[in-house]
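I opened this model to look up two things. The ligand site came first, then the aromatic rings.

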Amino acid sequence: MASGKIIIAIDGYSSTGKSTFAKLVAKGLGYIYADSGALYRAVTYFAFTNGFIDTEGAIDKDNLQKVLPKIEISFKTNKKGESVTCLNDSNIEKYIRTSKISSNVSRIAELPFVRDFVNVMLRRMGQDKGLVMDGRDIGTAVFPNAELKIFMTATEQVRAMRRFKELQAKGEKDTFESVLEGLKKRDYIDTHRSTDPLTKAKDAIELDNSSMTLEEEIEWINRILLPNFNLQVELR
Ligand code: CDP
């Protein structure tokens with residue numbers, strides 16, 4: 001039986017509940033949690049606010065590539081103890097979860113120079129292991145040697161309903177149909193891009209949580225996967 005700190009890579013489609021699950025697993029193991037999607041969202045936010053995406057949605061790739069090395073994106077802990085995404089030291093967490101960013105992030109994330117930029121930051125976070133990271137290519141490209149890889153899925157309808165409720169709670173006006181449409185478009189770009197597309201790693205274990213509660217997901221990882229590493233998630 002293996003022991004010591006490991007890297008847990010959690011990949012999957014949009015709105016499969018990866019980040020909620022990953023956060024809880026990290027907390028229960030005393031590990032660091034890293035949301036790789038937040039970095040792609042932060043780059044998208046930066047591109048919008050600095051004029052690298054025009055009103056028609058065209059991306060000024062050459063100039064974005066030139067300035068990207070000069071920006072700094074980091075995760076900081078706020079007063080409530082939550083991890084927030086910062087761009088050049090300003091907290092941009094609430095700006096990166098809007099529908100505008102969600103509908104454009106995949107076009108930014110498919111640019112190879114953006115992926116290289118983000119991957120350097122992600123790999124740095126894994127240097128000392130003890131990390132749970134979620135995204136689209138964590139088990140395939142960022143940490144292909146991660147000790148544990150999980151691939152999360154759920155039906156499109158279930159995923160769109162989860163995202164719709166999340167947006168409603170934030171007071172956003174999107175309809176269920178537009179959320180479903182946006183989700184399908186993003187899945188398409190994410191699975192068809194030429195650099196590190198979303199795909200299940202050969203050695204990843206699939207978790208379809210269409211009809212599972214979060215507690216059942218934790219029970220599943222504790223029973224099926226973590227005993228191999230002498231680890232258990234403690235829910236407190
Ligand atoms: O919250 P949700 O699962 O819908 O998305 P996210 O994890 O915040 O990721 C937003 C977008 O960033 C994805 O749709 C991908 O286009 C991109 N992404 C990526 O390409 N690679 C990753 N490792 C993580 C996110």
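My entries on the ligand and the rings follow.

I am working with a predicted model, where local features need pLDDT of at least 70, side-chain atom pairs count only at pLDDT 80 or more, and totals for chains, interfaces and linings use all residues. Residues are numbered from 1 along each chain as its sequence is written, and side-chain values use heavy atoms, with hydrogens and water left out.

Ligand. I looked up the residues around the ligand and found 19, with Ser14, Arg41, Arg115, Asp137 and Asp190 the closest (near: a heavy atom within 4 Å). Next I checked polar contacts (N or O atoms within 3.5 Å). The side chain of Ser14 has an N or O atom 2.8 Å from a ligand oxygen. For Arg41, a polar side-chain atom is 2.7 Å from a ligand oxygen. Asp137 places a polar side-chain atom 2.8 Å from a ligand nitrogen. The protein buries 95% of the 530 Å² that the ligand exposes when taken alone (Shrake-Rupley method, 1.4 Å probe).

Rings. I searched the whole structure and got 4 aromatic pairs (centres within 6.5 Å; planes under 30 degrees apart are stacked, over 60 edge-to-face, the rest tilted). Tyr45 and Tyr95 are stacked, because their centres are 5.6 Å apart and their planes at 10°. Tyr45 is buried at 17% relative accessible area, and Tyr95 is partly exposed at 38% (buried is under 20%, exposed over 50%, partly exposed in between; 1.4 Å probe, protein chains only). Phe164 and Phe176 pair edge-to-face, 6.0 Å centre to centre with 85° between the planes. Phe164 is buried at 14%, and Phe176 is buried at 16%.

How values were computed. A polar contact is a pair of N or O atoms within 3.5 Å; within protein, one must be able to donate a hydrogen and the other to accept it, and residues adjacent in sequence count only if both atoms are side-chain atoms.
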